[in-house]
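Hi,

Here is the structure I promised to pass on. Have a look first, and my notes on what turned up follow below.

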Amino acid sequence: MDPAQILQTVLSVIQSGIGAEDLASPPPQAAATAPHASALGPSSLPQLLSALLSMHATQFVLIGAFIEALRRLFSMLWESAGDDFWLTATFDWDDDTSDTARSIEVSSYCYGLKTSTIEGLEDDDGWEDGRMSFIPSLSKTYSLWYRGRYMTFRREKTDRGSYYRPTQVLELRIFSRDPRLLRDLLLEARQAYQKASQHVINVYVADGSDRWKHVAKQEKRPVSSVILDPGVLELVLHDARDFLQSKKWYADRGIPFRRGYLLYGAPGAGKTSMIHSIAGELGLNIYILSLTMMALDDNSLKSLIAHLPQSCILLIEDIDAAFHRGVKRDIQDPEKEAKRTGALGAAAAGGPAGEDGEKMQQPLYNGVTLSGVLNALDGIAAQEGRILFATTNDYSALDPALLRPGRLDLHVEFQLASQYQARELFKRFYTSEDDEDLVHSSEAAGVDEKDDSGCVASSSDLDDRPSVAFMPPNGEPTLSASSRARSPFPDGVQSVYVGMERGTGSLPKLSKEEIAALADRFASLIPPRAFSMATLQGYLMAYKIRPWDAIGDAPGWVASRLQEKVLEQSEKAHARTGTPENDVAA
Ligand SMILES: Nc1ncnc2c1ncn2[C@@H]1O[C@H](COP(=O)(O)OP(=O)(O)OP(=O)(O)O)[C@@H](O)[C@H]1O
């Protein structure tokens with residue numbers, strides 16, 4: 001059957017405006033306008049349709065194949081022409097913000113016109129975490145102009161990565177043959193990124209799988225804000241800086257380019273604070289790993305370490321926790337032990353092979369073994385250039401194999417606060433940011449007397465001290481003696497945040513000399529090595545804008561805290577030995 005005839009018949013049927021009810025008989029116009037129609041045979045619609053269908057199969061297949069071939073040819077030509085005329089760059093898009101509710105995917109061709117953040121959606125108090133950002137939608141092509149050149153970019157999910165976290169790629173295309181354009185764009189992007197991250201460090205944690213997850217951008221913490229005994233922080237900072245500049249030195253001597261620091265000692269003494277300030281100072285991001293993390297085993301640990309970037313800080317916090325829960329080896333001196341087992345050679349080569357084989361294979365916690373930890377830290381996969389910081393409150397719990405130089409090279413002890421630290425903490429607390437403009441404002445602050453220690457004191461503050469209660473950092477709220485007598489709070493009200501009690505107040509302006517004198521007085525009231533810096537900080541927080549009260553109440557606070565400590569110790573001793581508490585306390 002001639003397709004032209006069928007087509008003609010169909011057209012005439014349509015032209016006649018045939019209704020559904022008329023379909024059974026051929027329209028008269030059809031016969032008039034299509035003289036051959038009657039000769040065709042399809043006098044009814046079913047006949048016509050079956051004729052059409054019988055032709056469709058071959059015709060449409062041929063026509064479809066022809067169109068598809070044309071399309072493919074065209075796209076092949078376009079792509080090969082595209083390769084000649086377009087610069088294409090593809091990046092792994094591992095943007096962790098897409099995991100958070102903060103991200104909004106937008107489908108707008110004005111994406112990135114001026115800014116990638118959504119203004120006006122910050123929290124009322126300007127809290128930055130509430131900020132929302134635009135990110136390009138998935139599978140949409142955005143176009144823009146870069147230096148007069150047409151450019152497109154597109155974000156796509158790939159089938160790589162895990163089920164929960166598929167990898168994404170960002171494809172950039174610039175309509176140009178000049179590779180310098182792409183290089184300039186990337187340099188500009190990097191500079192913009194570095195500028196934006198100038199004052200922040202990125203913090204990553206190991207997530208449940210074997211990947212690092214970005215959890216925070218933190219403002220860099222100034223080194224001056226961490227108060228340690230003179231020289232301690234400087235020593236570590238200098239050592240780490242020197243390490244980063246010594247790549248060639250290590251390479252020339254065949255020593256693995258890695259450095260490890262162990263910070264051990266009292267909780268709340270500033271270990272973590274020091275690491276953060278050093279990271280800021282060196283411009284390194286921090287990768288935090290917990291050996292007690294669920295689902296961590298030797299393989300995932302190895303993979304995590306292998307995926308660290310070239311220069312970074314790896315922080316293993318409370319490294320003793322894993323050892324407390326698992327096996328603790330009884331080797332006292334790792335070198336002697338290594339000699340004894342004939343493993344020195346292997347150990348020097350960086351591997352833990354031969355070290356107490358059986359115990360090494362026992363899991364510390366979950367699926368992590370000691371040899372797994374050691375392998376991860378100094379095996380072949382361990383990243384060159386990384387700085388390891390490990391912290392612990394219990395030095396004795398650590399396995400000697402871990403403490404060996406090459407793994408943890410420098411061990412720094414953190415003690416409870418010295419009087420020097422107490423003094424400096426006080427100074428930092430009550431020195432305002434614009435201390436350059438500090439004025440002698442004894443009058444303004446109501447300072448009108450000096451006590452016999454030379455400390456400047458406010459008669460109004462000392463005599464008319466408000467009745468307050470404060471919440472010590474660890475423990476029951478305690479009322480200072482003077483406050484207790486005149487507490488305006490009903491019985492049973494225990495925790496009141498002092499700084500808020502005088503909510504409208506502000507820090508009195510004090511000269512450097514005044515602050516120094518007050519700080520001396522405060523330090524003289526704090527027994528050395530009795531409290532952690534965190535505890536002292538917690539105490540001063542309660543007197544945020546009242547340095548005189550902080551001093552006035554210090555003796556009472558010290559006495560009550562010391563008493564608490566004695567009680568705590570006797571309880572611990574009682575728990576250990578089973579002897580009655582009173583006996584131990586006595
Ligand atoms: N030496 C210090 N100088 C300034 N602030 C300190 C110091 N030590 C502790 N702090 C303050 O105390 C708090 C806890 O400190 P940090 O977390 O650094 O202690 P840590 O030694 O790491 O404690 P932990 O062993 O319990 O992890 C922080 O708010 C920090 O600002």
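The second largest pocket holds about 410 Å³ of space. Of its 15 lining residues, P267, R561, K565, E568 and K572 are the closest to its centre. (On a 1 Å grid over the protein atoms alone, a pocket is an open set of points where a 1.4 Å probe fits, with protein on both sides within 12 Å along at least five of seven lines; lining residues have an atom within 4 Å of a point. Points are joined across faces, edges and corners, and the volume is the space filled by probe spheres set on them.)

This is a predicted model, where local features need pLDDT of at least 70 and side-chain atom pairs pLDDT 80 or more, while totals for chains, interfaces and linings use all residues. Numbering starts from 1 along each chain as its sequence is written, and side-chain values use heavy atoms, without hydrogens or water.

Back to that pocket: helix 23 (residues 547-577) gives the largest share of the lining, five residues. (Helices, H or I of at least four residues, and strands, E of at least two, are DSSP runs numbered from the N terminus.) Domain 3 (212-414) and domain 4 (422-577) each supply at least three lining residues, with domain bounds from an automatic or database assignment.

Now for some loops. R147 has a positive phi, near 45 degrees, though it isn't glycine; it sits in the loop between strand 4 (141-146) and strand 5 (149-161). D318, another residue other than glycine, also has phi near 45 degrees, and its loop runs between strand 11 (313-316) and helix 10 (320-325).

Cheers
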